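Please open the structure in your viewer and keep the selection tool at hand. The stops below are meant to be taken in order.

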Amino acid sequence: MKRKGLATLLAVSLMASAILGCVITVSADEASAVDLSDVTIVNIPKLLGVAWFDRMLPALDEWTEANGGSYYQSGPSTADAALQLQDVEDAITEGVTAIHVVPNSTETLEVAFQKAADNGIIVISHEAPGAQNVAYDVEAFQNKEYGAHFMKALAELMGEEGGYAIIVGSVQAQSHMEWADGAVEYQKENYPDMFLVADYVESGEDHDTAYNKTKELLKTYPDLKGIIGCSVIDPAGAALAIEEAGLEDTVSVIGTSIVDVAGNYLDSGAIDMISLWDTKQTEMAMCEATRILLEGGEVQTGDNLGGIGYESVVVDGKVIYGTAWVDITAENKDDDPYITE
Amino acid sequence: MNLKQITKTSEFFLLTVILAIFVVFCFVNPAFFSLGNLFDIAKSMVETGILAMGCLVVLVSGGLDLSFMAVAVFAMHSVSLFFGRNYNGAPLPLLILCAIVVGTLVGLINSFFIAKLGLPSFIVTLGTSNVISGLCLAFIGSKQYNKIPASMLAFSKWNIISVENAAGGKSNLHGSVIILAAVIVLTTFLLRKTMLGRSIYCVGGNPVSAARVGLNRTKILLFVYCFMGGIAGLVGILHVSFQRMSNPYDLVGNELNVIAAVVIGGPRVGGGYGNTAGTILGVLLITMINNSLVMLRIPTFWQKAVVGMIIIIGTAAQILRYRRSQTA
């Protein structure tokens, strides 16, 4: 009996949503040149449940509100390339209109991207400028410049001398590697008294691993004076190790992070500066790029893709660059768009 | 047991392997032999070591539990969030007690399917692991939580020894090693000195004889999975304290690291065999390897391969030696 009731309820709600859908279709038709009401966008971040990627959802909310269509989010619970591939494959099977993806490993996903393209699905990536089989890759900035930006900040904190280390989420994460390479290159050109102590260290985007590896770095390289953390938890993990060792004043930590994760360490002085970009603005640009493609056009240098920092983008091949990084220190903590608590 | 007998045990052999690896590591990087590094290894052993005790008991009983990380996360996140929001001044013992209770209750679900309905533990716990993770993310919270109770933060800074090191920083021995020691002693006592403990060996080693001598398999397995659950709950609280935040995506996925440590320590899957000394040596071996790759200056691309190779060499040496001793 109970089960039958449930089935009825489901059926009714399905019908209701179908009718509602029709209503929206009509209004969307008037607003836009191309019918976007059937558009389904799936957003596949590196992993679920972190504020950084959850921030992409409001952009999808706003964009689908304004243009019609729908979206959903899926992704792995750990930053795992193989699990993420499964999510992309699932999206292709579902026959979505567009896949917005932040790859853990671009190489792992290329074949699936090609398959998506063959099925007429628009694939737009973020943090994967080397991706071959996507329609566009949207970047907040040129990675090399972001790395150089870190090195300038770190050199100032370190007095332009001493050893430094770089923590990346994964050596397969192309963007992290490009930031790291950009930072090292800038150091070699401008700060001869600074040196990279060791190979890039991998955190697996895991706080505990970043913490333990930093402890190892501190023990192995007593001349270590600065750390750049690339993934959002790296500076926090490094800072915890440094705080426990009582080295807040000796070792400078900077990197990509958000205040929800790194705020306590900005206050304590263990982290000196974090940089971030607003993934909501990036997602907005990804949505606009999708719209332009659906309308049969292509994105060109100088186009305005809606998001802040994307008012006048630079297009280089398949890569769309914005100019959208934000620096946060203990003083301007409230400027972080990701604060939830 | 005299000295000669001790040198013939598999635990002694494992200890020799560990010492040999340790000596090699020290030659590669003398800092490996520093007090600070030994303290760090001790702290890194706490979570894996405590979980391994629970795992050992499960393996001895002839089962396998794949859900303990999910249980730990569930207990950790629910207790941290509840007390963080409602009673931030909660004392640590209360938090630990609550987490153990939560963990035990979840363990009871495993017990029901495994002990009462007699389903295979591997399948049941694989299932409950997913269910518990899912429920935790859906109902407790899917975001990192920073405003954990103050007592947890205080605990994270509880060092029983703190010395200045060469780099001008401090090397700390964290107080949680006492909890690890307590759990080891408790588990050793349980397995060696209590009727219940001996019964677990019996049920795991030879279920038919166990039934003939009148052991209640259901009740014994009920205890085993609840014990594992309680242990997982305890580790959940320690993990939050160590990280100074509760992240529901932590831990899950690292089950095999713990199980590998226990298996290296001696037990054979199938049950009725194993002891705490071997297990803790297995944990030591795994922890030492996992926390040394940067110190050994191994290129990042090679690190995973090196971990795998050392584990294979370590276990192969022990198993080959065991086989030789059986045929001789």
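This tour goes from the whole model to one chain, then to its partner and the contact.

This is a predicted model, in which local features need pLDDT of at least 70, side-chain atom pairs count only at pLDDT 80 or more, and totals for chains, interfaces and linings use all residues. Residues are numbered from 1 along each chain as its sequence is written, while chains are lettered from A and ligands numbered from 1 in the order in which they are written. The model scores ipTM 0.88 and pTM 0.79.

**Stop 1: chain A**

Select chain A. Its secondary structure consists of eleven helices and 14 strands; helices (H or I, at least four residues) and strands (E, at least two) are DSSP runs, numbered from the N terminus. Of the 341 residues in chain A, 55% are buried, meaning that 20 or more other C-beta atoms, placed from the backbone, lie within 10 Å of the residue's own.

Now colour chain A by domain: domain 1 is 1-31, domain 2 is 33-140 + 278-323 and domain 3 is 143-276. These bounds come from an automatic or database domain assignment. The C-alpha centres of domains 2 and 3 of chain A are 29 Å apart. Their contact takes 13 residues from domain 2 and eleven from domain 3, where two residues are in contact if their C-beta atoms, placed from the backbone, lie within 7 Å.

**Stop 2: chain B**

The average for chain B is 89, and 96% of the residues score at least 70. Which element of chain B has the lowest mean pLDDT? Select helix α14 (residues 303-327) of chain B, with a mean of 74; the highest, 96, belongs to helix α8 (residues 176-193) of chain B. Where pLDDT is low, the predicted coordinates should not be read in detail.

**Stop 3: α3 of chain B**

Next, select α3 (35-60) of chain B and helix α12 (residues 255-264) of chain B. Residues of α3(B), including B:L51, B:C55 and B:L59, meet residues of α12(B), among them B:V258 and B:V262.

**Stop 4: between the chains**

Finally, show both chains. The contact takes 33 residues from chain A and 32 residues from chain B. On the side of chain B that touches chain A, α3 (35-60) and β2 (170-174) of chain B each supply at least two residues.

Technical notes:
A residue is buried if 20 or more other C-beta atoms lie within 10 Å of its own, exposed if 12 or fewer, and partly exposed in between; C-beta atoms are placed from the backbone. pLDDT is the predictor's confidence in each residue, from 0 to 100. Axes are lines fitted to C-alpha atoms, for helices over the stretch in contact, and angles run from 0 to 180 degrees between N-to-C directions.
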